[in-house]
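Thanks, everyone. Let's get the model on the screen and walk through it.

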Amino acid sequence: MKILELFLGILTAMGGFVEIGELTFMMNAGGIFDYRLLWVVLLGTIGIIVYGEIAGRVAAVRAQPVFDIVRERAGIRLGLLTLVASVLVCLLTCAAEIGAIALLWQLASGWPYRGLILLALAFFLLVVWFVPFKGIERIFGLLGLLMVVFVGLAWSMHPDWGDVAKGFVPSVPRAGEGKTLLYAYYTIALISSVMLPYETYFYASGAIEDKWTPRDLGTNRAIVIVGFLLGGVLAASLLVVGKLYLGPKHIEAGLPGTAALAAASRFGAIGLWTALAGMFFAFAGAAIETALCCAYNTAQFFGWPWGKFRAPRTAPRFVACWVIVFVLAAVVVLTGVDPVQVVEYSIVFSVVILPLTYFPLMAISRDRDVMGVHANGVVANTLGWFYFVVISIAAVAAIPLLLLTHGGQG
Amino acid sequence: MSPRLPAPGCVDVYRQVLDHTLVDADDLPCGCVDDIELEGAPGEPLRIAALLVGPGAWGPRLPALFARLVRWMGGRQVVRVPWSEVAELGEQIRLRSNALRLGLGLTDRKLGLRIAKLPGSEAVSR
Amino acid sequence: MILLSELLGANAVTERGHALGEVREVRSPGKAETEPTFAEREIHGLLCGRHGLLERLGWKQPKARIVPWSAVLRVEHGEVLVRGAAEDYEEVEMR
């Protein structure tokens with residue numbers, strides 16, 4: 001049974017890896033910079049593996065969620081700032097996913113966009129209310145694997161594998177090409193889209209919901225390393241598709257519809273519907289995770305009962321949190337703001353607060369009082385701090401680059 | 001956020017009590033230690049009298065502008081939990097009685113009664 | 001009645017005008033409760049020290065002086081007035 005659990009865990013992690021921000025930025029990165037940003041995808045993937053492992057390990061060892069630790073360690077002021085920042089970013093991301101889903105449904109059905117947003121809202125409220133945690137995790141994670149059609153797509157478009165391999169070596173566009181700033185912006189955006197904090201916080205809360213103990217540490221490591229690595233392959237294939245499909249046509253990926261059309265161009269109707277379905281489950285999974293993440297963080301911070309393992313009646317404020325987040329997210333996209341713009345802002349602001357949200361994880365996982373023998377070893381410590389420096393640099397550079405590149409327009 | 005071991009045989013009140021989650025006798029989270037009431041004065045012995053729970057307790061700890069904002073949004077409530085109610089000091093502070101008797105978790109209780117009217121509200125989903 | 005939040009972060013100053021730093025911790029004798037518990041907990045000391053950026057990041061061990069409660073003369077307006085001079089109080093590393 002353990003093997004099955006492990007297998008499902010890996011597949012779920014892989015299927016849940018991609019969301020609208022990654023899709024948009026990966027495809028655009030390929031379209032503008034060919035394969036030259038592949039090394040950033042690898043860098044970000046290893047980063048999320050490192051923090052995912054730490055988050056899972058902390059949750060399994062303490063049997064306690066991460067956000068109450070934030071309050072204990074950072075104190076009420078910094079802790080509240082972290083809470084507010086992470087909730088706002090999660091809310092923005094949720095809005096982006098809902099908007100993207102409405103766009104997908106519009107492509108498939110032709111129904112009006114705004115009506116589809118309300119439909120999506122109703123869908124999410126019902127699913128999260130009635131479906132158990134495990135069910136949600138599995139359904140959206142496993143069906144998100146349909147995104148694998150893009151790996152097939154990339155393969156079938158016969159990329160120059162030599163060029164692809166070179167993309168994994170860091171390179172900077174030559175000065176005079178006029179795109180250095182944009183390159184830097186995309187580097188940061190790609191790292192951010194791969195290392196979104198809600199993934200680690202949701203993963204840790206999930207470990208608590210599944211009642212992990214220190215015996216599950218091996219499972220944790222396997223799921224995180226294999227699952228996220230495969231997820232990274234998925235993300236990289238989107239970049240390759242971006243280069244091969246968008247590059248020659250000089251179009252901006254912009255809409256998830258473009259990705260679906262890319263699949264259709266190669267695989268026909270089957271490709272189109274697989275891509276649409278895969279994207280739906282991936283984005284829906286992300287919407288649910290971000291909404292629940294807001295609820296987890298808020299409830300844990302204030303000491304309220306929380307968790308899908310509790311009946312809604314016992315944890316009403318927790319439930320109220322995710323309901324309100326879904327409603328507010330829907331309202332954001334109902335205003336008519338371009339969901340792709342919302343995506344852009346959510347990715348940029350996410351990287352700005354990344355150091356705030358990852359610092360508690362680093363501090364706790366190193367602490368031998370709390371973690372005992374399971375505190376960070378040399379590898380986790382070194383990689384953890386290395387990535388902390390990386391995200392700190394990215395956090396500082398993000399907003400200036402957003403402004404200098406006129407919102408990624410170059 | 002540096003790690004610290006308290007001196008053996010002592011309790012570091014800031015590190016080990018303040019901002020920790022409270023858990024009642026039935027294992028239900030019922031708030032956080034938002035502030036602590038100390039009884040005494042300079043020249044007299046100082047004792048821990050009670051734990052204070054609620055926005056009225058953590059609000060004033062924020063910078064002035066935000067403290068005012070919290071008060072303005074109606075966050076004045078404080079529940080006083082006498083120190084004698086504390087059963088165990090660990091990562092979470094365990095209390096002797098259940099939350100209701102101590103006046104904690106009332107908001108959840110009231111909201112829970114309203115939610116109970118909806119189908120599926122009792123379902124424990126695992 | 002004194003609130004813990006009033007003590008923490010207050011500036012500790014000796015009668016002679018030496019700044020001891022901020023009150024960083026409030027210490028109570030007796031092991032942490034598991035079972036049985038202490039009906040009353042007394043505070044017997046304050047730890048006061050400076051808390052720079054390096055200490056906050058965990059790269060430098062913060063140092064503090066232990067000030068027994070009996071040596072505290074006054075607590076008001078975010079300041080704690082303490083008897084004697086800085087040297088009277090033992091300096092420890094807050095491990």
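Start with A:Ala284. It is buried, because 25 other C-beta atoms lie within 10 Å; the cut-off for buried is 20 or more other C-beta atoms within 10 Å of the residue's own, with exposed at 12 or fewer, partly exposed in between, and C-beta atoms placed from the backbone. Keep in mind that this is a predicted model: local features need pLDDT of at least 70, side-chain atom pairs count only at pLDDT 80 or more, and totals for chains, interfaces and linings use all residues. Residues are numbered from 1 along each chain as its sequence is written, while chains are lettered from A and ligands numbered from 1 in the order in which they are written.

A:Ala284 sits in helix 12 of chain A, residues 256-302. Helices (H or I, at least four residues) and strands (E, at least two) are DSSP runs, numbered from the N terminus. What does A:Ala284 contact, leaving aside neighbours within four places in sequence? A:Ile101 and A:Phe140. Contact means C-beta atoms, placed from the backbone, within 7 Å. A:Ile98 is 186 residues away along the chain, yet the two C-alpha atoms are separated by 7.4 Å.

Now the interface. 30 residues of chain B are in contact with 36 of chain A. Helix 5 of chain B gives the most to chain B's side, five residues.

Last, the sheet in chain B. Four strands form an open, mixed sheet, order 3-2-8-7; pairing takes at least two DSSP bridges. Strands 3 and 7 of chain B are at the edges, each with a single partner strand, so one side of each has no neighbour in the sheet.

Terms used. Contact = placed C-beta atoms within 7 Å.
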